[in-house]
Amino acid sequence: MNKSTKPIPAHLEDYYAKNGFHIQMNRNYTATVRNLLEFVNYINKPDTDICPDVFGNILSYDETVGDDFRFVLNTIIAEVKGFAVFNAQYKHTYIECTDKSETISIKTSNGELITFSVLFNTCVDVKYHNGKEDFNIIGFHGGQTPVPHTPVTLHTVLLEKQQAIWDAQIKQQEKEG
């Protein structure tokens, strides 16, 4: 397991959550986390018993804390588990693919169905199952929207390694052109 290097914002260093978060550390111990600095100090102790399979499972949430507390808490958990976060103020589910090709199916709280298919560790196909042939995507880049509402039947995210291979192939084809 990784250690946490995430700096705690100054305004949260001395903040104590009213109810705290119950977070699994291992199969036999669930910590009550009220202060982020104390949580990081505990994680970083050399003799802390952390089980990667269950560490970071939040069993109960303190609804009285602000988004900034939840953001930092989820960022710490992700860093220790070896994951990235996005929109970290919201509940996170960490999934580690064990094969080079896997599909993850999601049902949202209101019943929407989405699948993410990791293919040969080269790309991720995203499919929204809305009962129609196509769905809309929006692409963002640095505050801009270079891809406005665009209907697609499937959205593919190229993983960096594969993108570099394809870019090289395109350049080679252009040279031979």
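This report describes the strand pairing, salt bridges, aromatic pairs and selected loop residues of one structure. The model is predicted.

## The antiparallel sheet

Four strands build an open sheet, and their order across it is S4-S5-S6-S9. The pairing between them is antiparallel. Strand S4 (102-107) and strand S9 (155-158) form the edges, each of them pairing on one side only. On average, neighbouring strands of this sheet are turned by 15° against each other, with direction ignored.

Within the sheet, strand S5 (residues 113-119) and strand S6 (residues 123-129) run antiparallel and are joined by seven bridges.

Asn121, with a relative accessible area of 44%, is partly exposed.

## Salt bridges

Side chains of opposite charge can pair when their charged atoms come close.

| Salt bridge | Closest N and O atoms |
|---|---|
| Asp53 and Arg27 | 3.0 Å |
| Arg70 and Asp67 | 2.3 Å |

The salt bridge between Asp53 and Arg27 links distant parts of the chain, the two residues being 26 residues apart. Asp53 belongs to the loop between helix H2 (36-44) and strand S3 (58-60), while Arg27 belongs to the loop between strand S1 (21-26) and strand S2 (29-33). Both Asp53 and Arg27 are exposed.

The other salt bridge, between Arg70 and Asp67, has both members in helix H3 (residues 67-81). Arg70 and Asp67 are three residues apart there, about one turn of the helix. Arg70 has a relative accessibility of 18% and therefore counts as buried, the cut-off being under 20%. Asp67 has a relative accessible area of 43% and is partly exposed.

Thr48 is found in the loop between H2 and S3. With a relative accessible area of 14%, Thr48 is buried. Which backbone oxygen does the side chain of Thr48 reach? The side chain of Thr48 reaches that of Tyr42, at a distance of 2.4 Å. When neighbours within four places in sequence are set aside, Thr48 is in contact with Tyr42 and Ile43.

## Aromatic pairs and a cluster

The count of aromatic pairs comes to seven. Among them, Phe21 and Tyr61 form an edge-to-face pair, with 6.0 Å from centre to centre and 75° between the planes. Phe21 lies in strand S1 and Tyr61 in the loop between S3 and H3, so this pair ties together parts that are 40 residues apart in sequence. Phe21 counts as buried, at 1% relative accessibility, whereas Tyr61 counts as partly exposed, at 31% relative accessibility.

The rings of Phe83 and Tyr94 also pair: their centres are 5.3 Å apart and their planes stand at 55°, so the pair is tilted. Phe83 and Tyr94 are both placed in the loop between H3 and S4, and this pair links distant parts of the chain, 11 residues apart. Phe83 is partly exposed, with a relative accessible area of 27%.

Which residues make up the aromatic cluster? Tyr15, Phe21, Tyr61 and Phe69 form one such cluster. Two of its members, Phe21 and Tyr61, are the residues of the edge-to-face pair described above.

Definitions and conventions:
Residues numbered from 1 in each chain as written. Predicted model: local features only at pLDDT ≥ 70, side-chain atom pairs only at ≥ 80, totals over all residues. Heavy atoms only, no water. Pairing = 2+ DSSP bridges. Axes fitted to C-alpha atoms, helices over the stretch in contact; angles between N-to-C directions. Salt bridge = Lys/Arg side-chain N within 4 Å of Asp/Glu carboxyl O. Buried < 20%, exposed > 50% of the residue type's maximum accessible area, 1.4 Å probe, protein only. Polar contact = N/O pair within 3.5 Å; in protein donor to acceptor, adjacent residues only side chain to side chain. Contact = heavy atoms within 4.5 Å. Phe/Tyr/Trp six-rings, centres within 6.5 Å; stacked < 30°, edge-to-face > 60°.
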